[in-house]
Structures are given as C-alpha cells and as structure tokens.
Amino acid sequence: METDGRLGRPGGGELRVVLGARGGEGQRMPNFLVRIIDSKEAVGIFAVSDIDDLFYWIDEVTDVSACEFAEIGSGSIIWEGPAKAIPVDLDEMPDDNDPTPVLDSIGEHALGGMWFNGLTQTDLEFTPCADVADIAANDP
C-alpha cells in the first residue's frame, strides 16, 4: 500500500470514515474522533465495538502511540446531491491499491450530528492512546 509519508496513511489528506465494528446485535457502538497528538491533525472518525477495535483500525492508517481519541456521539455521512450508486465499482476508484472508496469519489458529502460537532468543538476531552494500553507490547 502506498502512503503519503506524513501519517503512514493511504492516499493523503482525504477524509475517510472506517466502519469496522464487530459488535453483536443490540451492542452499543461508540464513535471516536482520532487525531495526532503533536499536530492535532485529524486521523478519522471510527465506529467500533471497543478500544481494541479502535486501536486495530488506527493501526491500519498510522502509529497508534502517536494518537489520541475522544468519544463523540452518533453521526452520519450524507451525500448532498448526485452520488454514485453503491456498491461502488472498485475499478472506478482512483487508486487500484486502496479498496476503501474515497468519499469524494462517491459524491459531494457532509457530516451530520455529533460527527460534525466533533470536528468543530473546542472542549472535547482527548485521551492519548498510550494512556489506555501498553501499545508497544502489542506490536510484533
């Protein structure tokens, strides 16, 4: 997978939402806003079943120990106007090596609910990932 080198995440500065929860029926699915501790650069919004899943998905795009997270409420991605049909044809994606559809390639979109508020709220309490678990012990 090619990365942009800054965060070790694919493609560069696009906003991507990764939905990777393994939760069962009726299980609460928390949503987390994740950013780089030093630069405050956004990493993503993650809907996961627990902290282990959160760390797994963060690790897919950057160094977990460099990140901090804040729990945010429910939210949405809304396509505002013409959008591509889904499922998206991966042959039409701009990067054949990245199977994650880039939101912009589907259509113009906006974030709704607490996901939008999380990007603009100044009083969110972020927790460094390293404070929650011994991340180094989890690395091979």
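**Confidence, burial and contacts**

Where pLDDT is low, the predicted coordinates should not be read in detail. This is a predicted model, in which local features need pLDDT of at least 70 and side-chain atom pairs count only at pLDDT 80 or more, while totals for chains, interfaces and linings use all residues. Residues are numbered from 1 along each chain as its sequence is written, and side-chain values use heavy atoms, with hydrogens and water left out.

Q: What pLDDT does the protein chain average?
A: The protein chain averages 75, and 66% of the residues score at least 70.

Q: Why is Glu 68 called buried?
A: Its relative accessible area is 7%, and buried means under 20%, exposed over 50% and partly exposed in between, with a 1.4 Å probe and protein chains only; Glu 68 is therefore buried.

Q: Which side chain makes a polar contact with the side chain of Glu 68, and what makes it one?
A: The partner is the side chain of Arg 35, at 2.6 Å. A polar contact is a pair of N or O atoms within 3.5 Å; within protein, one must be able to donate a hydrogen and the other to accept it, and residues adjacent in sequence count only if both atoms are side-chain atoms. Arg 35 is also among the residues that Glu 68 touches when those up to four places away in sequence are not counted, a list including Val 34, Lys 40 and Phe 126.

Q: Which residues touch the most other members of the largest nonpolar core?
A: Of its 14 residues, these are Val 34, Leu 54 and Ile 58; a nonpolar core is a set of buried Ala, Val, Leu, Ile, Met, Phe, Trp, Tyr and Cys residues joined through side-chain atoms within 4.5 Å. Apart from it lies another core, of eight residues, including Leu 111 and Trp 115.

Technical notes. Contact = heavy atoms within 4.5 Å. pLDDT = per-residue confidence, 0-100.
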